[in-house]
Amino acid sequence: MKYEPVVRNDTSSAVAELRHVSKRFGDVEAARDLNLSVAPGEFLSFLGPSGCGKTTALRMLAGFETPSEGEVLIDGEVVNALEPFRRPVNMVFQSYALFPHLSVFDNVAYGLRQRRPRLSSSQISEKVERTLDVVRLVEFGKRRTWEMSGGQQQRVALARAIVNEPKLLLLDEPLAALDRKLRKTMQIELQDLQRQLGITFILVTHDQEEALSLSDRICVMRDGRIVQIGTPRELYDAPASRYVADFVGSSNFLEGSIESVAGGRAEFTDVSGHRFAGQAGPGVEQRVRGTLSLRPEQIRISREPLDGGHPVTVQNRIFLGEHTEYVVRHEKIGTFIVLASRRAEDREQPLDAGTRAYIAWNPDAALILRAD
Amino acid sequence: MTQRTRNWLLIAPSGALLLVMLVLPLSFVFVFSFGERGLSGGYVPAFTLEQYANLPARWTAFKNTLILAPLGTLAALLIAYPLAYQLAVRTDPKWKTLLLVLVIVPFWTSILIRSYAWIYILGGQGLPALLESVGIENVRLIYTPYAVTIGIIYGYLPLMVFPIYVALDRLDTGLLEASSDLGARPLTTLLKVTLPLSLPGVATGCMLVFILLMGEFLIPALLGGGKVFFVGNALVDLFLQSRNWAFGSAVAFTLIVIMLITITIYMRLIARLQTGREDVAVM
Ligand SMILES: Nc1ncnc2c1ncn2[C@@H]1O[C@H](COP(=O)(O)OP(=O)(O)OP(=O)(O)O)[C@@H](O)[C@H]1O
Ligand SMILES: [Mg+2]
């Protein structure tokens, strides 16, 4: 499926914007100097480990927290002091926050009933039914929310927000409680819904796969800061730091120092004294500590010696269906994870644990990054 | 030991206590109410409905109780709810315990002493004197229904605050945020989320206060000065002063029946409110 990411350099038409936003809770700095502009119709993800400030950032957009510094803009207007109920924004809460005293139907209808001018009850039922259909809960309208499974509750929470067709939908890990299969289905639903309705989505997740597959852009966070914003491809192919390379996809890392930098390329010596060439990441300087990052699927593995290859011993071979993952060990350099496609593997005998083999990679595939 | 026998054994102590302390005395009251007063007071066995026929003689006591008990409950609720809300939802957790203790502090002294204090506050030299100094003259409070109502509210407020506080404290603030997020103004959130979810606390508080008020006698005795008296006062009078146990029993039994009826109706109402939400929510 080909999908052109929306234009996003034009900040004047941004649906939501953060300008130098910081938030302190006592001594805790939950958000530090966040700068972000979200274009209409964009699907943006906040990706980062637990406690890095994702929820805090969302809550400032929804209006539940006031920034300690900086400005929050929605539709080009500063909304720092605007109450949540006046914002054209809806949120799917991390803890669902469903009303226990209301049926599923009434939960979903809650936002519609606040509309002025009022909607007729037939309009409300129609919208609610349609939305329940989207989240596959049509027959559950009469149920109490506490009679439902975690995944069903999560879908009610989703329905309760999208039924309002807000300008901006904030989703705080909306799919975390679902099993893998249902999560996949809901991810596709979310993406379809987002394109259909043209609603701007900001999704919080710590599932990198989810972020990669759904988002137009991903905003990687760490300790309250945004460390990199980019399309999934940019983050994957050109991570700005080891942290991003590690968080977006998986990677092999070698620690060492950067010998020279010239014309976008760098020379690197790892701790065991091996020299490698590679692409220089942003901000890489000569004679500082650095990290070489190498994606597992960029490494070739073979029983026969390879040009510029390194001899290794296969330690483990894991069959993953489409791919096979090898854990191999070089005596000096250390352990590598190698991901070989099924087709590449078929040409040879399987490389079982204990087999001697060779690995090699194209120097362009190695990224030399700042150590962080 | 089967689960069944274990259950019975566990219930036995409280069951025995209830039997001796409640069922037995109540049976006496029931039997006495059909008897007669002895010549020098007390009780003479008989079977007559005379005592019940005499009930209208104590009509004022019933009237006062049946007006002031619900009124006092309602007034206590109206004052307690905002207080409990402020404590449970708005107060910084750091201060909650301290403020809650302040709500209980009055219980550390006897209600008798506290009601005496109100005699002075509402008496001639207290509030009325203060009002007179700002030009509002001839206000009479002590020994009026107002004084009794004030005393009741004061005495029973903590009993109302606590259950409501507990209900509101358990309320997930995320729900209030969700309501606001969905476009509800604060008043709507209060009516559609906070209030329904704290209803169990409100129901408990009202029941506690109402039941105790129906039997109240101290506050009307002190602040009503013999002019505003409750059924409780009538009972004190009948059992301890005029020693008419038979008539006293009839009055007591009538009060119990009235209480049972009101509480049954009340419980039905609350149960309806809590389950039949759909028809409320569609409004
Ligand atoms: N109301 C608050 N008071 C004090 N500290 C807070 C508050 N809310 C968040 N924090 C702190 O701010 C930091 C960021 O929290 P936040 O909830 O934004 O993390 P998160 O990225 O959403 O994590 P998770 O993935 O676990 O949900 C944490 O260290 C947290 O303890
Ligand atoms: Mg969170």
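This report describes a predicted model, taking its conventions, chain B, the interface, the metal site and selected residues of chain A in turn.

## Conventions

Residues are numbered from 1 along each chain as its sequence is written, while chains are lettered from A and ligands numbered from 1 in the order in which they are written. Because the model is predicted, local features need pLDDT of at least 70 and side-chain atom pairs count only at pLDDT 80 or more, whereas totals for chains, interfaces and linings use all residues; side-chain values use heavy atoms, with hydrogens and water left out.

## Chain B

Chain B has 13 helices and zero strands. Helices are DSSP runs of H or I with at least four residues, strands are runs of E with at least two, and both are numbered from the N terminus. Along the principal axes, the C-alpha atoms of chain B fill a box of roughly 75 × 75 × 40 Å. Of the 283 residues in chain B, 41% are buried. Buried stands for under 20% relative accessible area, exposed for over 50%, and partly exposed for values in between, with a 1.4 Å probe and protein chains only.

Contact means heavy atoms within 4.5 Å. Among the contacts in chain B between residues at least 6 apart in sequence, 71% join residues at least 24 apart. Tyr143(B) has phi near 65°, a positive value in a residue other than glycine. Tyr143(B) sits in the loop between helix 6 (127–133) and helix 7 (145–170) of chain B, and its relative accessible area of 31% makes it partly exposed.

## Interface of chains A and B

Chain B contributes 23 residues to the contact and chain A contributes 26 residues. Together the two chains bury about 2100 Å², with 56% of it on carbon and sulfur atoms. Glu177(B), Asp181(B) and Leu182(B) supply 33% of the area that chain B buries against chain A, more than any other three residues. Buried area here is the accessible area (1.4 Å probe) that two parts lose on being put together, summed over both.

One salt bridge is counted between chain B and chain A. The term requires a side-chain nitrogen of Lys or Arg within 4 Å of a carboxyl oxygen of Asp or Glu. The side chains of Glu177(B) and Arg59(A) form a salt bridge at 2.8 Å, N to O. On the side of chain B that touches chain A, the elements giving two or more residues are helix 8 (173–181), helix 9 (186–214), helix 12 (245–275) and helix 13 (277–281).

Six residue pairs are in polar contact across the interface, with both residues at pLDDT 80 or more. A polar contact is a pair of N or O atoms within 3.5 Å; within protein, one must be able to donate a hydrogen and the other to accept it, and residues adjacent in sequence count only if both atoms are side-chain atoms.

## Magnesium site

The magnesium ion (ligand 2) is coordinated by OG1 of Thr55(A) and OE1 of Gln94(A), at 1.8 to 2.5 Å. Thr55(A) is in helix 1 (residues 54–62) and Gln94(A) in the loop between strand 6 (89–92) and helix 2 (104–113) of chain A, so the pair ties together parts that are 39 residues apart in sequence. Donors are N, O and S atoms within 2.8 Å of the metal (3.2 Å for Na, K and Ca); water is not among the atoms, so sites may look incomplete. Thr55(A) is partly exposed at 26% relative accessibility, and Gln94(A) is partly exposed at 40%.

## Domains and selected residues of chain A

Chain A is assigned domain 1 (16–237) and domain 2 (250–370), with bounds from an automatic or database domain assignment. The C-alpha centres of these domains lie 39 Å apart.

Thr131(A) belongs to helix 3 (residues 121–134) of chain A and is buried, with 9% relative accessibility. Its side chain reaches the backbone oxygen of Lys127(A) at 2.8 Å. Beyond its neighbours within four places in sequence, Thr131(A) contacts Ala159(A), Ile162(A) and Val163(A).

Gly53(A) lies in the loop between strand 3 (43–47) and helix 1 of chain A and is buried, at 8% relative accessible area. Not counting residues up to four places away in sequence, Gly53(A) touches Ala30(A) and Met221(A).

A cis peptide bond, with omega about 0°, joins Arg116(A) and Pro117(A). Pro117(A) is in the loop between helix 2 and helix 3 of chain A.
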